[in-house]
Amino acid sequence: MNQRDIPRPTIAIFDSGVGGLTVTRAVVEALPAANIRYLGDTARLPYGTKSAATVVKYALQAASALLQEPADALIVACNTASSCALPALQRRWDLPVIGVVEPGARRAVAATHTGRIGVIVAPGKGVSEDKLLEFADQLDLSRIAALVDSGAPSAMATSCADENC
């Protein structure tokens, strides 16, 4: 089989800005023959300050723009869009739609020495404890709700530092 016979998947990737370029770099390293299409929605960033409904709307629009031409997979490289819009995107298109929150959390779980990870989310856009527990039942989630509900990221940072997580 020569190089021309190797399938070249097309991967569509979007983010609310340019941060998703790190995800794009990882895809290029893993699939060097892939055709990559990237959309950075810098006109409307950051998504974290928008309502969940607005994030879903923006994500559907970004995916629609990227998928005007066929693709083999869609990667949602934006944490907020992954948290808010992944189910809507997966219902809309019949192709793998992959978010970044769960893979990132899985990687953090695999790397932790204490069984604890920090999850920082924009208000009202978090990943539920149930979702985290699907793959990380060893995590100590007992204080996440109180820290997030307090709206005090500095309290979370201090707590993590005190607990060596």
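Predicted model: local features only at pLDDT ≥ 70, side-chain atom pairs only at ≥ 80, totals over all residues.
Reader: How do strands of a sheet pair, and which order do the strands have here?

Author: Strands of a sheet pair through backbone hydrogen bonds, either parallel or antiparallel. In this model, four strands form an open sheet in the order S2-S1-S3-S4, and the pairing is parallel. Strands S2 and S4 (97-98) stand at the edges with a single partner strand each, so one side of each is left without a neighbour in the sheet.

Reader: Which helices pack on the sheet?

Author: Helix H1 packs on the sheet and touches S1, S2 and S3, its direction making about 175 degrees with that of S2. Helix H3 also packs on the sheet; H3 touches S1, S3 and S4, and its direction makes about 155 degrees with that of S3.

Reader: How many bridges join S1 to S2, and how many join S1 to S3?

Author: S1 and S2 pair in the parallel sense over six bridges. Within that pairing, isoleucine 13 has tyrosine 38 of S2 as its bridge partner, while aspartate 15 stands opposite glycine 40 in S2. The chain passes from S1 through helix H1 (residues 21-30) to S2, a β-α-β crossover that is right-handed. S1 and S3 pair, again in the parallel sense, over four bridges; there, alanine 12 has leucine 74 of S3 as its bridge partner.

Reader: Are the residues of S1 buried or exposed?

Author: Six of the six residues of S1 are buried. Thr10, Ala12 and Phe14 point one way from the strand, whereas Ile11, Ile13 and Asp15 point the other way, and all are buried.

Reader: How should I read a helix, and which residues of H2 are buried?

Author: An α-helix has 3.6 residues a turn, so residues three or four places apart point the same way. In H2, the buried residues are Val55, Tyr58, Ala59, Leu60, Ala62, Ala63 and Leu66. These buried residues pack against strands S1 (10-15), S2 (35-40) and S3 (73-76) and against helix H3 (79-92). The length of H2 can be checked too: at 1.5 Å a residue, its 15 residues (52-66) should span 21 Å, and the end C-alpha atoms are 21 Å apart, which agrees.

Reader: Where is proline 46, and what kind of peptide bond joins it to leucine 45?

Author: Most residues other than glycine have a negative phi, and most peptide bonds are trans. Here, leucine 45 and proline 46 are joined by a cis peptide bond, with omega about -5 degrees. Proline 46 lies in the loop between S2 and H2.

Reader: How many salt bridges does the structure hold, and which residues form a salt bridge?

Author: Side chains of opposite charge can pair when their charged atoms come close. The structure holds one salt bridge. Aspartate 41 forms a salt bridge with arginine 44, and the closest N and O atoms are 2.9 Å apart. Aspartate 41 is buried, at a relative accessible area of 9%, whereas arginine 44, at 24% relative accessibility, counts as partly exposed.

Conventions: Residues numbered from 1 in each chain as written. Heavy atoms only, no water. Helix = DSSP H or I, 4+ residues; strand = E, 2+ residues; numbered from the N terminus. Expected span 1.5 Å × (residues − 1). Buried < 20%, exposed > 50% of the residue type's maximum accessible area, 1.4 Å probe, protein only. Contact = heavy atoms within 4.5 Å. Pairing = 2+ DSSP bridges. Right-handed = clockwise from strand over helix to strand, strands pointing away. Axes fitted to C-alpha atoms, helices over the stretch in contact; angles between N-to-C directions. Salt bridge = Lys/Arg side-chain N within 4 Å of Asp/Glu carboxyl O.
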